[in-house]
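Dear colleague,

I am passing on the structure below, and my notes on it follow. Please read them alongside the coordinates and tell me where you would describe something otherwise.

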Amino acid sequence: MDRVGCMIRARGFKRGGVPVPHRVPFKSGPIENAFLPKNAVVMLKDTRDAVEPLPVVYVGQEVRESQLIAKSAGRGSSNVHSPIPGIVRRIESTRTPGGFESRAILISLEGSFSVLGKRPERYLWKSLNKADIAHIVQEKGIVRISTGEPLAEILAERVARPGFILVISALEMDPYRRTEEELLAIRPEDIIDGCAIAARMTLPSRILLAVDEQISAATVDRLQTVIAASELEIAIQPFKRRFPQDLIRQMAEALDIADPGTLFLLEPGTLIALHEAVVANKPHIEQYVYVGGGAIKHPAILKARIGAPIGDLIEECGGFSGHPDTIVIGGPLRGRAAADLDVSVTRTTRAVLALTAEETKSAPERGCVRCGDCLAVCPEGLDPHAIFKLLRAGRRAEAVVAGLDRCSLCGSCAYVCRSRIPLVQKFDVAKRNEELL
Amino acid sequence: MKSTVTNLNSGPPYIHDWRTSARAAWICSLTLLPIVVWSSFIYGHTAVAVWGVALASSLIAEAIASGLLRRWTLGDGSAVLTGLLVAATMPPGIPLYIPAVSVAFAILIVKTAFGGLGANWMNPALGGVAFAYANWPVAMREYVLPRLVSGVDGVSASTPLLFAKGLTGGLDIRVMDALRGSAYPLSDIDSMLTGLMNDQFFSRLGARLPDGYFDLVIGLKPGTLGESALLAVLAGSVVLIGLRLIKPLIPMSMLFVFAVLVRVFGTGLPGEAFLTGDVLFALSGGGIMFAAFYMASDPVSSPLGRLNSIVYGAAIGALSFIFRRWGSYSEGVTYAVLVMNVMVPFIEKSTLMVTRARGKVRVA
């Protein structure tokens with residue numbers, strides 16, 4: 001591993017944060033397709049804020065792979081396609097790991113495949129006009145995998161507000177996930193092509209490729225060749241490995257940009273989905289999922305179908321090697337615990353982690369000992385200790401004055417909290433202005 | 001596939017830093033171990049008894065507190081730490097009911113009565129120490145010479161600090177020489193080490209280290225148990241700061257302000273004049289080092305934030321100097337920390353106002 005920082009200075013945000021010194025070793029290699037699930041449970045809502053699309057299939061109906069099964073209900077909602085060929089068995093409401101209710105469509109595998117095993121089609125998208133591309137993106141139900149927002153919508157927003165910087169964010173700011181970095185190394189052509197599509201539609205003023213400061217020189221060389229061939233001007237910018245560098249405000253701070261709104265972040269995974277939708281006519285029915293953590297025998301990145309139960313993926317990675325203390329969907333700092341192994345993969349599931357007790361280092365909650373660590377690590381420069389105290393006293397308005405609304409729920413404060421106080425949970429609930437649990 | 005997950009209802013983040021408040025307290029207690037061992041070695045069974053009684057009392061008091069609060073809190077390590085800290089401020093040979101009662105007071109009244117760990121507004125250990133000084137002022141200052149110096153147990157003597165304050169020698173000799181001139185006991189180890197240092201290093205530089213400083217550093221002088229191993233205190237401070245378990249700004253600013261004030265104004269000892277105070281002597285006596293790293297930097301009773309920590313530490317340093325220079329007792333550092341414990345909310349509020357005012361100016 002060479003330091004790209006020798007070429008360009010690695011940037012980092014200015015205050016707080018948690019360094020990520022030790023990464024769990026990961027053996028890179030080709031990414032394998034996960035087995036098709038026998039039953040796919042397709043969640044219609046990826047995130048709490050998403051608007052639920054309307055199912056267009058009925059129970060007992062036979063569906064083809066990639067067939068539209070739920071249609072966008074307008075703003076904030078996206079089309080959903082069947083990840084597998086089969087028969088619709090149930091349409092019912094379920095509780096997601098994120099703690100919100102969503103309807104889910106259960107499809108059991110049957111029939112023949114249309115996408116898998118076939119050579120992908122190759123459209124020359126450069127002949128398409130913007131409206132055509134926008135239509136495809138909307139039609140294929142592509143979402144930004146980091147936030148779950150429909151990509152068609154956020155692209156349209158950017159078109160309306162020009163003068164922004166498109167950032168391809170391949171940053172992995174936790175000790176586990178390596179998906180975006182791996183994709184960058186394995187499929188740079190498709191990522192840069194996806195970027196070209198996004199750039200064609202939104203006309204950014206600059207394009208940055210945000211990479212880890214310790215990216216290998218070979219990957220950088222390869223990227224530079226691909227970039228040169230793409231006729232796009234993309235600057236590779238290394239960033240320091242410090243959580244939460246991948247958040248938009250910390251990114252803007254590191255780049256000395258006053259308004260984070262002028263940054264438009266897209267991950268390689270999203271760009272690949274975009275590329276495949278436009279070039280290969282493929283809906284968002286697959287997701288690259290990092291399966292790892294201390295309790296997983298062989299951590300790997302799998303290309304999984306949406307709706308596949310995480311238990312299947314874990315089994316495909318050799319199953320558990322130790323006793324898992326917590327199963328986490330998403331990152332270890334900002335993810336959500338899975339109640340069981342039947343939780344299914346969604347378009348925003350970027351990682352499934354089975355963490356051992358040694359990794360979680362959970363301890364009984366105690367009273368605050370005023371160590372001040374939470375102040376030191378808060379990337380927004382807030383005083384989490386004071387905000388928590390105000391919230392506990394029911395003084396929400398004062399907590400907002402103290403900066404509650406600036407909190408990005410990154411989890412740094414709760415990560416370092418010596419008394420294991422659930423600071424982020426409290427802030428999350430308070431930000432949503434709900435009754436306290 | 002059957003789920004074996006046990007931890008379901010927790011929220012993010014799911015990984016944590018290795019530091020926990022309990023671990024911090026236990027590590028802090030462990031760093032006190034060398035002091036316990038060394039003081040037991042130089043004072044013998046009288047020191048062992050004080051440590052033992054304080055420890056036992058802390059365990060019993062915490063067990064009672066656990067019963068009262070209906071939650072088991074012995075595991076958080078704070079009780080044991082409090083017991084050790086209280087014992088560290090006591091002279092060996094003190095009647096054993098004093099550490100027992102003081103520790104119980106510290107844990108049951110100062111800590112538990114205010115809601116247990118984290119809710120106490122005053123450092124429990126210091127509360128217990130203040131309680132002891134107030135109740136048994138004479139016994140708390142009955143110091144004895146270490147067995148290693150006198151050869152026998154229980155030879156009472158006053159601390160170098162008190163003794164030097166009582167001296168009315170001329171202003172021309174340094175405090176250590178004044179002590180020697182008054183036949184203050186000196187250990188063989190010190191005369192050997194000082195002789196060696198003077199022969200090997202200082203003579204070449206044209207300087208001379210007076211006898212007695214080594215005694216201060218390795219505790220071969222009458223004093224409290226915690227004072228007996230300055231080297232161990234310094235080693236402990238390195239561990240605590242290195243592991244980022246205490247706020248380093250507090251002891252740093254405290255010692256800095258204290259040292260500067262001592263240098264400038266002196267502490268009223270022989271041989272000191274304006275700008276020639278004996279910093280080395282001041283820092284190695286009166287338990288100031290111990291108080292700086294183990295008491296002032298106690299997280300619960302100290303303020304949060306950098307500016308607050310600096311202000312707090314500096315104020316303790318200044319108060320310690322005032323108590324040392326003009327107060328009647330050299331142990332004033334205990335009270336300096338206690339006074340500032342009480343001032344913490346005031347400090348936090350004032351700096352908040354200052355930063356808010358500055359923020360407004362910047363916006364405008």
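Two strands are taken to pair if DSSP finds at least two bridges between them, and helices (H or I, at least four residues) and strands (E, at least two) are DSSP runs, numbered from the N terminus. The model is a predicted one, in which local features need pLDDT of at least 70 and side-chain atom pairs count only at pLDDT 80 or more, while totals for chains, interfaces and linings use all residues. Residues are numbered from 1 along each chain as its sequence is written, and chains are lettered from A and ligands numbered from 1 in the order in which they are written.

Sheets and strands of chain A

Chain A holds an open sheet of 3 strands, in the order β4-β6-β7 and with antiparallel pairing. Because β4 (54–55) and β7 (80–81) of chain A each have a single partner strand, they stand at the edges, and one side of each is left without a neighbour in the sheet. Between β4(A) and β6(A) (residues 68–71) there are 2 bridges in the antiparallel sense, and P55(A) has A70(A) of β6(A) as its bridge partner.

Elsewhere in chain A, strand β10 (residues 165–169) pairs with β14(A) in the parallel sense over 4 bridges, with V167(A) standing opposite L265(A). Strand β14 (residues 263–266) of chain A is covered on both faces, since L263(A) and L265(A) on one side and F264(A) and L266(A) on the other are all buried (20 or more other C-beta atoms within 10 Å of a residue's own count as buried, 12 or fewer as exposed, and anything in between as partly exposed, with C-beta atoms placed from the backbone).

Helix packing in chain A

Helix α4 (residues 188–202) and helix α7 (residues 268–280) of chain A pack at an angle of about 75°, with their axes 8 Å apart; the axes are lines fitted to C-alpha atoms, for helices over the stretch in contact, and angles run from 0 to 180 degrees between N-to-C directions. That makes α4(A) roughly perpendicular to α7(A), given that angles under 35 degrees count as roughly parallel, over 145 as roughly antiparallel, 65 to 115 as roughly perpendicular and the rest as oblique. Residues in contact (C-beta atoms, placed from the backbone, within 7 Å) include I191(A) and C195(A) of α4(A) and L271(A) and H275(A) of α7(A). By class, this contact has 9 nonpolar, 2 polar and 2 charged residues, where Ala, Val, Leu, Ile, Met, Phe, Trp, Tyr, Cys and Pro count as nonpolar, Asp, Glu, Lys and Arg as charged, and the others, Gly among them, as polar.

Domains and the two chains

Chain B is divided into domain 1 (21–141), domain 2 (148–222) and domain 3 (246–354), with bounds that come from an automatic or database domain assignment. The C-alpha centres of domain 2 and domain 3 of chain B lie 25 Å apart, and their contact takes 17 residues from domain 2 and 13 residues from domain 3. On the domain 2 side, the largest share, 5 residues, comes from α7(B), and that side has 13 nonpolar, 2 polar and 2 charged residues.

Between the chains, the contact takes 31 residues from chain B and 42 residues from chain A. The chain B side divides into 15 nonpolar, 12 polar and 4 charged residues.

With best wishes

Conventions: Contact = placed C-beta atoms within 7 Å.
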